[in-house]
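Work through the exercises below with the model open. Each task is followed by a solution in steps.

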2 protein chains.
Amino acid sequence: VDAFFDEGQAHAARFGAEYRALWTALRSAGEGGRRLRPALVCDAYAAFGGTEPAVAERVGEAVELLHTAFVVHDDVIDHDERRRGRLNVSGIFAHRAADAGARPAAATSYGQAAGILAGDLALVGAIALLTTAPTDARVGARLVALVHEAVRTSAAGELDDVHLGLGTRVPTLDETLAVAAHKTAAYSFALPLQAGALAAGASQEDLAVVGLVGHRLGTAFQLCDDLLGVFGDEQVTGKSTVSDLREGKMTALIAWAARTSAWPAVAAHLGDPALSAAQAATLRSLLEGCGARAAVERLVEQHVHAARDLARTVGLDAVVDRVTALATTDAGRAA
Amino acid sequence: VDAFFDEGQAHAARFGAEYRALWTALRSAGEGGRRLRPALVCDAYAAFGGTEPAVAERVGEAVELLHTAFVVHDDVIDHDERRRGRLNVSGIFAHRAADAGARPAAATSYGQAAGILAGDLALVGAIALLTTAPTDARVGARLVALVHEAVRTSAAGELDDVHLGLGTRVPTLDETLAVAAHKTAAYSFALPLQAGALAAGASQEDLAVVGLVGHRLGTAFQLCDDLLGVFGDEQVTGKSTVSDLREGKMTALIAWAARTSAWPAVAAHLGDPALSAAQAATLRSLLEGCGARAAVERLVEQHVHAARDLARTVGLDAVVDRVTALATTDAGRAA
């Protein structure tokens, strides 16, 4: 992705200080991740016999840039000004405005504007990277169509996720699984695996199977995320085990608990922004006692199992094993 | 663009009610405009000898969809929930959330989320439309590069515009002209003219001239907008002549006035959200008396004149005449 950012920054040099700072912030947003998605592209490309690493790399960069776009827009949607302990694009620009003398509300709005625009730049950049990928034009067009489909599906998942976050009702377990599949699995797992396979010349039938592998794997990954967000080891994962509970995040755990007799006790504290450590511990016991934890762990196993069975038929077993190791352990998530 | 929306809505049918409503709202956001940009694409295509109307139409649709994306994101950035007297995407979704029982702040956030996601869908859709345009692959790639460049330039203009809107300082006249050129002229005028010319096989040299025509024409168009926003005939244009003054919008008129002795009197009332009709009339007299109105009218003439001179060299005179008639008259703006 270096070439993309170098070119963007060269273009930005012709404009003012704000726009140049936007590119610096966007570049920094794209750095420091685990680059799981490019690895999935390369793995699938190799598994389907691809022989030009430059193709898989370019496609991987495009998918990673798409991820950056979603992360930046997601932070605007969630009103977050920090990510991984640092200011994100919106946070950096809110501070710039405040330092220039803007009032707090105006500074926040400026941060949001910067986040929206930076995400737009990454989104368009991701597609543009694909159109110049060193593949034949027909494959290039199909790659764009694949990304287009993934953008649509993840928009549907993101919208439903925000809708559930309104807290006006408790979702069903199926609804939370659909959000995991649409918001996370589609673009973070199915897309990179399918894009790698497609670039290597996989058949339409194999692509469909690869998509299902990604769907299963990504859903399992998101469910693990939900589990670690409540029951994980903060010291190892670096992820708070209180904030999901304080936010009242409508995960599969919560959807399960809502069907049990523990629900009134859970609902009494869930989503309390001032939730204490002791109250969080009580919530954890309730979610464990009512069977929610075990049920979601079982769902993870089922999805991983299904992913593995499907993966075997298209030679992607090793990929599933590696991702599963990453997804299901505290240490893997911290990596 | 019908095919794009039909396909998007068919895809959305597999998802929940919220996402289906997002496509309905996005489609409605794309309707009812004057379709100035597709007309510019077709004019330039014809002027450079293009013979396949389907190509110009597809490129025009892509540019119009890009415009829809920018409008929708712009409304999120400006916290607007209405456009042309109707609820926009954000407004529709804020109401959906409120009707479902969400609190006002959560409903507003949901509206913003919907606007961001809808704009993303239109943005990606615009590029995808180009990649399937019935042109040869090399032209297709150059069209994508052209749109990519326009997205970058307009993001720079939009960011600077929001930055100036913070009201922490008064911009120079050159800064307001740069915003007009980057935010408006680049994607609404230079892009459609260049894309039409490129699709018809124009040379690199001619494309550069066409870009300058669009730059001049679009800047003139924006300056006219600024003039009509203060001195226009509301009855004819349908555009308020008070809201720019109430917002304290940092236009070329204001930048000019800031260098004159009338400035303290202008600054005393500019940006007052409760500005009365009488105070607005006083501001208008001040902006007229200090020479700001005449100066901006002169700038419009200069830009139109330069556009016409350039256009003559590439056979685009008729286009400039038509746009100028649209841009500079109250009646034209209302059309």
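## Exercise 1: a residue in a helix

B:Val179 lies in helix α8 (residues 173-199) of chain B. The model is a predicted one.

Task: decide whether B:Val179 is buried or exposed, and list what B:Val179 touches.

Solution.
- Step 1. The relative accessible area of B:Val179 is 10%. Buried means under 20%, so B:Val179 counts as buried.
- Step 2. Leaving aside residues up to four places away in sequence, B:Val179 touches B:Gly157, B:Asp160, B:Asp161, B:Leu164 and B:Thr184.
- Step 3. For B:Asp272, 93 residues apart from B:Val179 along the chain, the C-alpha separation is 23 Å.

## Exercise 2: the interface of the two chains

Task: describe the interface between chain B and chain A by its area, its residues and its salt bridges.

Solution.
- Step 1. Count the residues: 52 of chain B are in contact with 52 of chain A.
- Step 2. Take the area. About 4700 Å² is buried between the two chains, and carbon and sulfur atoms give 75% of this. On the side of chain B, the residues that lose the most area to chain A are B:Val124, B:Arg152 and B:Leu159, together 16% of what that side buries.
- Step 3. Look at the charged and polar pairs. There are 4 salt bridges between chain B and chain A, and 14 residue pairs are in polar contact across the interface.
- Step 4. Assign the side of chain B to elements. α1 (2-12), α2 (17-29), α4 (53-77), α5 (89-99), α6 (104-131) and α7 (137-165) of chain B each give two or more residues. The largest share, 16 residues, comes from α6(B).
- Step 5. Sort that side by class: 30 residues are nonpolar, 14 polar and 8 charged.
- Step 6. Pick out single bridges. B:Arg152 forms a salt bridge with A:Glu7 through their side chains, at 3.0 Å from N to O. Another links A:Arg14 and B:Glu149, with the closest N and O atoms 3.5 Å apart. A:Arg14 is in the loop between α1 (2-12) and α2 (17-29) of chain A and B:Glu149 is in helix α7 of chain B, so this pair joins two chains. A:Arg14 is exposed at 56% relative accessibility, while B:Glu149 is partly exposed at 34%.

## Exercise 3: salt bridges within chain A

Task: for the salt bridges A:Asp75 with A:Arg83 and A:Glu158 with A:Lys183, give the distances and place the residues.

Solution.
- Step 1. The closest N and O atoms of A:Asp75 and A:Arg83 are 2.8 Å apart. A:Asp75 is buried, at 4% relative accessible area, whereas A:Arg83 is partly exposed, at 33%.
- Step 2. For A:Glu158 and A:Lys183 the closest N and O atoms are 3.3 Å apart. The pair links helix α7 (residues 137-165) of chain A to helix α8 of chain A, across 25 residues. A:Glu158 counts as buried, at 7% relative accessibility.

## Exercise 4: an aromatic pair

Task: what is the geometry of the pair A:Phe189 and A:Phe221, and which helices hold the two residues?

Solution.
- Step 1. The centres of the A:Phe189 and A:Phe221 rings are 5.1 Å apart and the planes are at 50°, a tilted pair.
- Step 2. A:Phe189 lies in helix α8 (residues 173-199) and A:Phe221 in helix α9 (residues 204-231) of chain A, so the pair ties together parts 32 residues apart in sequence.
- Step 3. A:Phe189 is buried at 1% relative accessible area, and A:Phe221 is buried at 9%.

Terms used:
Residues numbered from 1 in each chain as written. Chains lettered and ligands numbered in written order. Predicted model: local features only at pLDDT ≥ 70, side-chain atom pairs only at ≥ 80, totals over all residues. Heavy atoms only, no water. Contact = heavy atoms within 4.5 Å. Buried area = accessible area lost by both parts, 1.4 Å probe. Polar contact = N/O pair within 3.5 Å; in protein donor to acceptor, adjacent residues only side chain to side chain. Helix = DSSP H or I, 4+ residues; strand = E, 2+ residues; numbered from the N terminus. Nonpolar A, V, L, I, M, F, W, Y, C, P; charged D, E, K, R; others polar. Phe/Tyr/Trp six-rings, centres within 6.5 Å; stacked < 30°, edge-to-face > 60°. Buried < 20%, exposed > 50% of the residue type's maximum accessible area, 1.4 Å probe, protein only.
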